[in-house]
Amino acid sequence: MFLEWSRFKDVEVLIDIRHSINYDAGHLPQAISLPFHIDLKKIRQAFRQKKALDDNKVLDHVRDFEPFLEKVNAFAGKSMGFYCDSGGLRSHYLSQLLGDGFHFLKDGFQGYIDDKLSILDIDFDFILLEGFTGSGKTEILRALARAGQQFIDLEEITSKRSLLILFPA
């Protein structure tokens, strides 16, 4: 069953089925990494040859499923929620293999990120401090820090390198 984040977050065990590199770059709070490997090369080849991907032959496109299943079985008796990057192919294949009784995050990790970023739609008050080298910006930021004010020092973050941020239109 594919669930929205609001219902998905109540599962007892969150399992990130993306590659460990993706997990290391960011994951849901309390999620564990248990990569589910599908053979994208075979899948792309089937699409190029205009072959339908038969759900009954899902295992033909999966690698190392038995070790994966053993690790999943360690959580037997608990409600489990799985997620991939987009709630697409990887989640679809795993849902076909596991059957009913398991939960999958609709829209995957990207959907979770989009949900969390939606708070940025509110208005914030920003003050931009800009000026030429030597105009006293650093002293002003130090004074703000001493006063306990919040600020983002982009010069410090970028190690004094020039910074250009482009925003899509």
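## Charges, rings and cores

D107 is partly exposed, with a relative accessible area of 39%. Here, "buried" stands for under 20% relative accessible area, "exposed" for over 50%, and "partly exposed" for anything in between (1.4 Å probe, protein chains only). The model is a predicted one, so local features need pLDDT of at least 70 and side-chain atom pairs count only at pLDDT 80 or more, while totals for chains, interfaces and linings use all residues. Residues are numbered from 1 along each chain as its sequence is written, and side-chain values use heavy atoms, with hydrogens and water left out.

Back to D107, which has a charged partner: its side chain meets that of K106 in a salt bridge, with 3.9 Å from N to O. K106 is likewise partly exposed, at 37% relative accessibility. Side chains of opposite charge can pair when their charged atoms come close. The cut-off for a salt bridge is a side-chain nitrogen of Lys or Arg within 4 Å of a carboxyl oxygen of Asp or Glu, and by this rule the count comes to three.

The other pairings bring in R18. With D16, R18 forms a salt bridge at 2.7 Å from N to O. D16 is buried, at 0% relative accessible area, and R18 counts as buried too, at 4%. R18 also forms a salt bridge with D85, where the closest N and O atoms are 3.7 Å apart. R18 sits in the loop between β2 (13-16) and α2 (20-25), and D85 in the loop between β6 (80-83) and α5 (89-98), so this pair ties together parts that are 67 residues apart in sequence. Put together, D16, R18 and D85 are linked in a network of salt bridges.

Next come the rings themselves. Rings of Phe, Tyr and Trp (its six-membered ring) pair if their centres lie within 6.5 Å; planes under 30 degrees apart count as stacked, over 60 as edge-to-face, and the rest as tilted. A search of the whole structure turns up seven aromatic pairs. In one of them, the ring centres of F82 and F104 are 5.4 Å apart and the planes are at 25°, so the pair is stacked. F82 belongs to strand β6 and F104 to strand β7 (residues 103-105), so parts that are 22 residues apart in sequence get tied together. F82 and F104 are both buried. Y83 and F109 are stacked too, because their ring centres are 6.2 Å apart and their planes at 20°. This pair also links distant parts of the chain, with Y83 in strand β6 and F109 in helix α6 (residues 108-117), 26 residues apart. Both Y83 and F109 are buried. Elsewhere, F36, F65 and F68 make up one aromatic cluster.

In soluble globular proteins, nonpolar side chains tend to be buried together. A nonpolar core is taken as a set of buried Ala, Val, Leu, Ile, Met, Phe, Trp, Tyr and Cys residues joined through side-chain atoms within 4.5 Å. The largest core has 18 residues, and I17, F36, F68, F82 and L94 touch the most other members. The elements giving two or more residues to this core are β2, α4 (65-73), β6 and α5. A second, separate core has twelve residues, including L14, Y23, L28 and A31. As for F36, its contacts (heavy atoms within 4.5 Å) include I17, V62, Y93 and L97, leaving aside neighbours within four places in sequence.

F65, F68 and V72 are buried. Looking down the axis of α4, the buried residues fall within an arc of 60°, so they line one face of the helix; the arc is that of the directions from the helix axis to the C-beta atoms. On the other side of α4, E66 and E70 are exposed. The buried residues of α4 pack against β5 (62-63), β6 and α5.

Finally, F2 lies in strand β1 (residues 2-3) and counts as partly exposed, at 36% relative accessibility. F2 and G87 are 85 residues apart along the chain, yet their C-alpha atoms are separated by 8.3 Å. Not counting residues up to four places away in sequence, F2 touches G87, S91, H92, S95, F104, L105 and K106.

Note on methods. Helix = DSSP H or I, 4+ residues; strand = E, 2+ residues; numbered from the N terminus.
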